Amino acid sequence: MKPPVPIVAIAGRKGGTGKTALCLGLAAHYFRADQRRVLVVDLDPQGSASLALGAEATGENLAAVLNGDATPEPAAIACGLLLAGGPALASVANPRPLREALAELLDVVDLVLVDCPPGHPTLDRLAMEAVGRAGAVLVAMEPHRMAIAGAARVLDEARALRPSPRCAGVLGRLDERRGLDRAAPELLAGAFAAQVFSIRQDTALAAALNAGILPPAHGRAAEDLRAVADWLDKDEHWKWKPKDPNQ
């Protein structure tokens with residue numbers, strides 16, 4: 001029996017915490033590292049991930065898929081496939097389960113990365129419920145009070161799910177010149193009783209997202225993203241093997 005395709009929900013209750021950079025940075029890493037076929041699902045009505053990838057961000061097809069009215073029509077991107085987000089998602093009220101909605105695409109990808117919306121609890125929970133044991137919830141945050149409070153709520157909701165997914169926090173745009181930023185990962189790991197990673201500020205990463213190209217393979221952010229990916233890959237339920245080119 002084929003193991004379930006891992007789904008990683010990248011969530012956060014506050015905008016501007018680096019969710020999209022984390023999502024696209026991981027997609028680029030997995031594609032470059034071992035040619036993993038990644039499906040990026042942009043659940044955000046703002047469509048930031050879609051815009052960063054140069055796609056039309058209406059969200060109409062994805063909204064119809066979640067409502068059971070259409071089949072997925074993903075766009076081809078440099079690291080795999082994209083189901084674009086956009087304003088149409090804001091009106092989705094009773095979506096069907098995400099794994100069910102994506103069923104036909106799960107046969108052709110190795111990994112799903114979901115960029116969750118910060119202000120839409122229904123879609124946020126939809127993504128976290130799809131994770132199960134074969135995946136994880138990554139909670140994007142910044143070392144500021146409002147972002148951390150939102151992250152705590154997301155972690156509590158994720159841990160209440162059954163089966164309970166693996167969870168980790170990811171501090172985005174960490175500035176090593178500030179003492180609070182340097183101390184934040186260790187302090188938050190203790191407060192949340194969870195692994196907390198940090199993605200350092202990197203102008204090359206920001207420039208790539210603004211230019212609509214894949215995040216760079218080298219630099220401080222790429223190094224930090226590799227650490228997140230390594231943690232994800234160590235999960236006993238995440239059994240990915242390179243495809244045999246002769247098959």
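The structure is a predicted model, in which local features need pLDDT of at least 70 and side-chain atom pairs count only at pLDDT 80 or more, whereas totals for chains, interfaces and linings use all residues. Residues are numbered from 1 along each chain as its sequence is written, and side-chain values use heavy atoms, with hydrogens and water left out.

The chain contains 10 helices and 8 strands; helices (H or I, at least four residues) and strands (E, at least two) are DSSP runs, numbered from the N terminus. For 247 residues, a compact globule would have a radius of gyration near 18 Å, and the value of 17 Å for the chain agrees with this. The radius is taken over C-alpha atoms, and the globule rule is 2.2 Å times the number of residues to the power 0.38. Along the principal axes, the C-alpha atoms fill a box of roughly 50 × 45 × 35 Å.

Of the 247 residues, 53% are buried. Here buried means under 20% relative accessible area, exposed means over 50%, and partly exposed lies in between (1.4 Å probe, protein chains only). The accessible surface of the chain comes to about 11300 Å², of which 52% belongs to carbon and sulfur atoms; accessible areas come from the Shrake-Rupley method with a 1.4 Å probe, and for residues only the protein chains shown count as cover. Among contacts (heavy atoms within 4.5 Å) with a separation of 6 or more, 78% are between residues 24 or more positions apart.

Helix α9 spans residues 203-211, and its buried residues are L205, A208 and L209. Seen down the axis of α9, these residues fall within an arc of 95 degrees, so they line one face of the helix. The arc is that of the directions from the helix axis to the C-beta atoms. An α-helix has 3.6 residues a turn, so residues three or four places apart point the same way. The face of α9 turned away from the buried side carries the exposed residues T203, N210 and A211.

Two further residues illustrate buried positions. L113 lies in strand β5 (residues 111-115) and is buried, with a relative accessible area of 0%. Leaving aside neighbours within four places in sequence, L113 is in contact with V8, C23, L26, A27, V38, L39, V40 and V41. A55, in the loop between α2 and α3 (60-66), is also buried, with a relative accessible area of 19%. With neighbours within four places set aside, A55 is in contact with S50 and L82. A55 and A84 are 29 residues apart in sequence, and their C-alpha atoms are 7.0 Å apart in space.

Several loops show particular backbone features. The peptide bond from R162 to P163 is cis, with omega near 0 degrees, and P163 lies in the loop between α7 (145-159) and β7 (166-174). Q35, in the loop between α1 and β2 (38-42), has a positive phi near 60 degrees although Q35 is not a glycine; Q35 is exposed, with a relative accessible area of 52%. A193, likewise not a glycine, has a positive phi of about 55 degrees. A193 is found in the loop between α8 (179-192) and β8 (195-200) and is exposed, with a relative accessible area of 65%.
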